[in-house]
Amino acid sequence: MQLVLPKEWKGPAALIASIVVLAIVFTFLNPRFGSVENFRNILFQVAVPLIIIVGTTFVIQLGSIDLSVQGVMGAAGMAWILLSANTRLETDYGIWAWFIAIGIGVALGLLAGALHSLVKVPSFVVTLGTWYIGLGIGIILYGDDMLPSLKSNVLMAWPTKLTLGLPNAFWLALVILAAGALLSRFTHFGRGVLAIGNSETIARNTGMPVNLMKIIAFTLAGGLSALAGILATMQLGAGSPDLGSGQLFTVIPAAVIGGTALNGGEGGIMRSAVGVLLLIILNNGLVLAGVNPSYQSGVFGAILIAAIVAVARPDRGILKIAK
Amino acid sequence: MDIKKNTTMQAKFQTTRRRFGSTIMATVALACLASSAIAADTFKKEDWVLVASVINTTNPYMISNIEGAKAMSAKLGIPLEIVNSNNSSQTEISSILAVLASGKKPIMFVNTVASSDAPTIVDAVGKAGGFVTIWWNKPADYHPVDVGNHFVAFQKHPGVSSGRCGAKAIGDALGGKGGVVMLPGVQDSTTSQTRVAGFEAEIKENYPGIKILDSRPSNWDPQLGAKNARDLIVKFGSDINGVWAADDGMQIGAMQAFENASLLDKVKFASDGLYPTTLADIKSGRGKNAIVGETFHRGYMASSVGLYTAYLAATGQMDPSKQPLEKRESLFKLSCVTPENYKDYLKYDEADAPAKFVEQLEKVGPWAAEPMPLSGGGAEVMPK
Amino acid sequence: MIMAPSTVLKLKKISRAFGHVSAVKSISLEIKRGEVIGLVGENGAGKSTLLKILAGVEQPDSGTMEINGKLVTFRSPNDAVRAGVGVVHQEQSLFTNLTVAENLDTRNAGRIGVKNWARINSECTAALKKIGVNLDPTARVSDLSFVDRQMVEIARAVAIDPNTTGTPLIILDEPTAVLEQNETDVLEREIRNLKEIASVIFVSHRLDEIMRICDRVVVMRSGKIVSDKKTTEVTKEDLFRDMAGGVSQTAHALRKRWPAGAKPAVEVRELASKGKFKNISFTARPGEIVALVGSNASGREAVARAIFGAETYDSGTIEVKSKPVSRWSIRKAVQAGLAYLPAERKVEGMIAGLSATRNIALVYQGDGSSGPFLNLSKLAAVAQSWFNRLDVRPNTISRPLINFSGGNQQKVVLAKWLNSPHTDVLLLDHPLRGLDVGAAQTVNAQIIKTCESGAAVIIIPDTIEEALEMADEILVMRDGEVSARHDMRTKNNLTVQDILADMV
């Protein structure tokens, strides 16, 4: 049985090759780049975007977009820390904190999915709305009191702690990633999402539960953004409504670099994950290589474009339209 | 005589006058005297509104700004409008214009999102017959004395001293030897630039044995602070003896990164702002007293001083054009906090501290209140 | 085994109106088991509405429908599928990014749970076997040829439900429109095989095919069935007459010839593009029509696109009006007077959301501008004159182009190029694709008229008949090379079979 068709691996192969090239160059510039310590550091850093990108990929495969990531992360992160043992409140709901925080993300995702599929509001607008609702929840929870920090050293240390040599944060991401990949490949939902992205009209005409699938995709994305928010809060040891800042612009380019077309129907979770890896390694490598911070943004952008061109070039004809 | 008309005329006068002789200066001063005398007679609370514009409502400093404005509003008995700019100059300016359109004259404190927002806001306030004090950011060549009485003052804490405080604390804690890394804020912000300049200058002048290993702008963001710290740990490992961050938010992230790497008790930290979390860490001696230096200033102090200065101009109790330069472009004292003296500042974080501070302002005026009396004026001098 | 009823479809007085326009008027039709019915009619005759009613997309206002002896009411396409009606659409309805097996797996369409790949694949193999097609179930549809995709669609229509005892009704809505001659042959063979297990409604604009494949031909005009006869009892001319409402027309007309010695408008020498074509040489002179004939894989589209600068070539020369071109691009080609009518009209030929007026003015605004500004009333006048000349229907120039039928869109796209006085070389890639007889005649007449007024025409026709009717020279291509050349001015006894022999 074949898991993935060979053609689908052409892009990722080029992507992995460019990661290898980058790694070699960075190791040459600073041997510490190749150290076990940095390897763990990178895995620690990719964990949060990897969790987010599972949901993002499903949504983009539909041909929609989920902008709410950062807002949901802020809301869920704040809810989780305030319900866990923290320096501000005397509360500790233990495991329930997780359920409630992820529940907020699920609810926001459900709202976005329902509005998008049933009321036919473009996902761009709906999720922009849920982004701000999430941010609003985060700000209200934050209030005008002091910054809440985690009290439990066990929770604070958990993401960095090594299991079988790799940080726990990465293991969590890996489990989510594997579950996402299986969901994508071995369920009618996963393949249905691709079908809808290819042609929603045909999907409706063949009797697919298009609305349900869209709602599931957005709900999943919301729940995973919430989980990412909790992990990020744990990593930071403190809560902040702005916790997710910058994540949206990591995951969307990562998905595109991985070959997930923004108009839907293409790409896969593992490929997006490789995209995330490329972006994080690029950033980490530039710091380690000692690139002047003033030039870092520019160099980052230039290498990013070079990577995309290298990966995507062979597939483009003269009349192929890119938007 | 209509105050509004008069002040706008002055504004026009003053912006065009610069190179004219002292006779014209004198005439203008007379005109101002006349107008303020009339203003004092006619100041009616119900015609005015206090406005406090903040960059966002998620940063503890901004929240403190709002607290100060509330305390001032309660004290003066003038209603308060809060403008939340949501980190956007566009939102800031359009919200302020909306408030101005309400018909009441504003007494305003603005913590500007970007330096370049200041002239637009000041102009609009002038046209609405109000008075404004700008905090922290304005264009370098834009001065209240050139603009007019409605731009009452520009105020800030000197960034250079903040940087020097941090450098002294780390330098002393390390015994003048070791490697440090820096986490500046948003790279092109004046506040960050002045703090960085102060830090670098102090190290260069007085701690030749301290080596600055690297500097990674972290956009005032705790997450980014943590991320950059992790990369720097990999890059320099145990060569890092000290970490300086341009504000406490980034320091909180950086400390977590060092703690996760089991390095927290081997490294000294210094930063700016003395956030409650930071204060708690100093109290508890987290990471074998990892935090060695902080600066003390509070958002509520800035906003109440700013509003009170504008209020004095609005009521005519103070004529901006007759004030010396340091009261138009003011630098307020910044206190260096160490684990030894932090207790002196605890009282400023008690629940009634903003109210007490406002009371003090009413007694001694905006330029002499403890712990932030006026310390200098004019443009901040950057060290070489 | 239960014997299935002998009548598969029975329509009684089916009507459907949209607003005041009745698209289908009281249609009654019966189809027997194993029958292949040809359904013809001009665009707008009501065929599509009838098909939509059968497929459950539209609901009739009145009338009854029986399938395999059971009275049915379709509320959705799903109902139709369950009753055993399978539709192969003109526009393909496959998910090109999924595998063959997944596209055939309509039974699980409503589910979201775990996917049993082994079962889906084996069922697919079985369904393909049923119609005698050999395809890899795990192949991605985008990697298949058009005819293979058509097979997948047919397999899906046939595979509907292994549990129904009734005979499936398969509707083929212009399946040959995008196919090449040899592919059409394969399809025809398949349709004959289908008769063993299903009844078929076959819709096509190509009367030759209808005559070859179908048992009965039903002609529709203005929402009604105007004739329903055995294929053996009618001629092509009868059908033409029934469709058009009495007037029989033929497109064939002798053209005014230009002197043979005129300077070539386009001359191609030894043109080659790796993996696509090689050693292509020919000339096209003013007043001349050169037809490139061959299968889809013959590389003829690539040649036309290379001449227009839309694809690169590796070696050889292209001379336009005796000047060799270098760093050739679409921009330069258009400036040099070349025009290209793409096969993918909707994607490459038009801006669907813009009005017809704007589309006509895309290439040349000379007559429609005042100084540097567009003059809207002048533009409208230009567009109106083209609408009148090409009989574009409906005659509303401000309507977005997407709302016109395919034939009328093609007229507008053609007008876009002809509107420019600089256009003197026409590259026509399947100009009649998807056009009904009336529209095809108008487009052909305009092509010939343009040619007579001095344009050189390079055409990639849909059918060999088209090439035989129009061309001065036919280049037959096979595997990227010219396999034969026929000068039609000297040879006029050429047949379709002769050309087919050169193609394979």
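**The contact of α3(A) with α10(A)**

Modeller: On the side of α3(A), the residues in contact (C-beta atoms, placed from the backbone, within 7 Å) are A:V69, A:V72, A:M73, A:G74, A:A76, A:G77, A:W80 and A:I81. They meet A:G222, A:S225, A:A226, A:A228, A:G229, A:I230, A:A232 and A:T233 of α10(A). By class, ten of the residues in this contact are nonpolar, six are polar and none is charged. Here Ala, Val, Leu, Ile, Met, Phe, Trp, Tyr, Cys and Pro are nonpolar, Asp, Glu, Lys and Arg charged, and the others, Gly among them, polar.

Residues are numbered from 1 along each chain as its sequence is written, chains are lettered from A and ligands numbered from 1 in the order written.

Helix α3 covers residues 69–83 of chain A, and helix α10 covers residues 210–236 of chain A. Their axes come within 7 Å and cross at roughly 55°. Axes are fitted to C-alpha atoms, for helices over the stretch in contact, with angles from 0 to 180 degrees between N-to-C directions. Helices (H or I, at least four residues) and strands (E, at least two) are DSSP runs numbered from the N terminus.

Chain A also has partners. Two pairs of chains touch, and the pair with the most contacts is chains A and B. In the contact of chain A with chain C, 27 residues of chain A face 23 residues of chain C. The chain C side of that contact holds eight nonpolar, nine polar and six charged residues. Chain B and chain C do not touch, and 34 Å separates their nearest C-alpha atoms.

Chain C has an open sheet of six strands in the order β6-β7-β8-β3-β9-β10, with mixed pairing (at least two DSSP bridges between two strands). At its edges stand β6 (85–88) and β10 (224–230) of chain C, each with a single partner strand, so one side of each has no neighbour in the sheet. Neighbouring strands are turned by 20° against each other on average, direction ignored. Strand β9 (residues 216–221) of chain C runs antiparallel to β10(C), joined by six bridges. One bridge links C:V217 to C:K229 in β10(C). Helix α5 (residues 146–158) of chain C packs on this sheet and touches β6 and β7 (169–173) of chain C; the direction of α5 makes about 170° with that of β6(C).

Another open sheet of chain C has six strands in the order β16-β19-β20-β13-β21-β22, again with mixed pairing. Its edge strands are β16 (338–341) and β22 (481–487) of chain C; each has a single partner strand, so one side of each is left without a neighbour in the sheet. The twist averages 15° from one strand to the next. Strand β21 (residues 473–478) of chain C pairs with β22(C) in the antiparallel sense over six bridges. C:R478 has C:E481 of β22(C) as its bridge partner. Helix α15 (residues 437–452) of chain C packs on the sheet and touches β13 (289–294), β19 (425–429) and β20 (456–460) of chain C; the direction of α15 makes about 155° with that of β19(C).

Last, the confidence in chain B. Its mean pLDDT is 87, and 89% of its residues reach 70 or more. In residues 1–21 of chain B the pLDDT is below 50, and this stretch has 34 contacts in the model beyond near neighbours in sequence. The pLDDT is also below 50 over residues 32–40 of chain B, a stretch with 18 contacts beyond near neighbours in sequence. Where pLDDT is low, predicted coordinates should not be read in detail.

Key
Predicted model: local features only at pLDDT ≥ 70, side-chain atom pairs only at ≥ 80, totals over all residues. pLDDT = per-residue confidence, 0-100.
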